[in-house]
Amino acid sequence: MLIRFAILPLFLALNLSMCKKQENVSPSSQQASASSPTPAAAATPVAASSPKITKPVVDQTAQVIIFCYHRLVDKIRYPGTEITPAAFEAQMKELKDRGITVISMQDLLAWKRGEKNIPPRCAVVTFDDGWKSQYEVGWPIMKKYGYPFTMFLYTEGVRGGSLGGGEAITWEQLAEMRDNGVDIEAHSATHQDLREGHTIMLASTGGKKTKTKLTGPQYEQWMQNEVVGSKQLLEQRLGIKVNCFAVPFGNYNEHVKEIARNAGYEAMFTVYGQPITFTSPMDSIGRYAIEANKPKVFEDAVKMIATSTGGAAAVAEVGAKDLVTQPADGETVRTAMPLIKANLSAIGAIDPGSVQLRVSGLGVVPANYDPKSGTVSYQVTQKLHEKSCSVIISAKSQGKKVEAHWTFGIEEGAAGGTSPIPTPKK
Ligand SMILES: [Zn+2]
């Protein structure tokens, strides 16, 4: 945009001097005739050839950690699924203090679809199993911090269901949460191992419970109720759209995934915690289950994405203009496997071991840093798949973290995967 404004006076000047000679000058020939050695004019072709981006540009290097909580109680009796309200609140505060943004599940999914951008370091908070303490204790704390969150429910565990006792959340409480923007998602009907042939508990109409192992058509029928029926019940009872499925105990296999996919779930969740990236598969998204007896799980999860203890403010941003980069910021290249280079000498003294290069779609790459020239470089070895590529360089300079971002485009046809080289149709 700046470039266009800069060259406008030049056009006017040309027009004034040449208006008598060239009455019918078209805008494109004006540009061609303005090929004088002025810097502004020389920059024009680059700006004109940059690709049109129809989708919002999302930060493909962002990372998300997802937490899974169960009961919030002052007196811990089952440390495997409980946490004290004080410990829970301390963790919510820590996310804020460390500059980790708590986003909603639907924002996470929109980012994965390439529809919405999210901050570089995010967390999603989920509560499993529908305990009333999530409504009474968890929700007020989340409100205090202004955090969105998701409830994963197994429908028979809601109050009044065959497994919903006095500690269970009620449908009325869920409706109130829904009205206040809480995301409500599915966690099966009876919360059991969904893999074929595993021991499950079946409740007869009289309330009698029997242990059994289901296979074949009986298993498939039972699964329909667990995966599809639970989704339909939540959608119908609450008038919502359910697109997430948390697998009970995180136990699944390809068949379980297939049934969930066919039921219309967009994402499936396990309890194998790991940072979620732009390319993480949607059918096995890992969550960190936070339990009173394993406080280290939370700390480790946070450390996985919080690269600085003091939050975002501790990072000094270096403008891409202060760096000499290749490809240049805003440039469009013709190869999906470019050589990426930047000269860091403008930043000052750098701790050579601290230099890190991130490339969107790839993550951290094994870049070379030459302390003599101050140059960090990486030859991309796998085709970049998107039309736009973001690069983040970070390093420590005098104990302080410095970071620079820039973006370049990849010419359509050069990008691998989704857009193959167009061949003329015959
Ligand atoms: Zn559960």
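Where is proline 327 found? Proline 327 sits in the loop between strand E15 (324-326) and strand E16 (332-333). Strands (E, at least two residues) and helices (H or I, at least four) are DSSP runs, numbered from the N terminus. The bond that joins glutamine 326 and proline 327 is a cis peptide bond, with omega about -5°.

This is a predicted model: local features need pLDDT of at least 70, side-chain atom pairs count only at pLDDT 80 or more, and totals for chains, interfaces and linings use all residues. Residues are numbered from 1 along each chain as its sequence is written.

**Backbone exceptions**

Most residues other than glycine have a negative phi, and most peptide bonds are trans.

The cut-offs: a residue is buried if 20 or more other C-beta atoms lie within 10 Å of its own, exposed if 12 or fewer, and partly exposed in between; C-beta atoms are placed from the backbone.

**Strand E7**

Asp183 and Glu185 point one way from E7. Ile184 and Ala186 point the other way, and all are buried. Strand E6 (residues 150-153) runs parallel to E7, joined by four bridges. Two strands pair if DSSP finds at least two bridges between them. Phenylalanine 152 has glutamate 185 of E7 as its bridge partner. From E6 the chain crosses through helix H7 (residues 171-179) to E7, a right-handed β-α-β crossover. Right-handed means that, with the strands pointing away from the viewer, the path from the first strand over the helix to the second runs clockwise.

**Nonpolar cores**

A nonpolar core is a set of buried Ala, Val, Leu, Ile, Met, Phe, Trp, Tyr and Cys residues joined through C-beta atoms within 7 Å. The largest has 66 residues. Val64, Ile66, Phe67, Ala123, Cys244, Phe245 and Tyr288 touch the most other members. Strand E1 (residues 63-69) gives the most to this core: six residues. Apart from this core lies another, of 20 residues, among them Ala336, Leu357, Ala367 and Ile410.

Leaving out residues up to four places away in sequence, phenylalanine 67 touches Ala123, Val125, Thr126, Arg287, Tyr288 and Ile290. Contact means C-beta atoms, placed from the backbone, within 7 Å.

Notes:
Contact = placed C-beta atoms within 7 Å.
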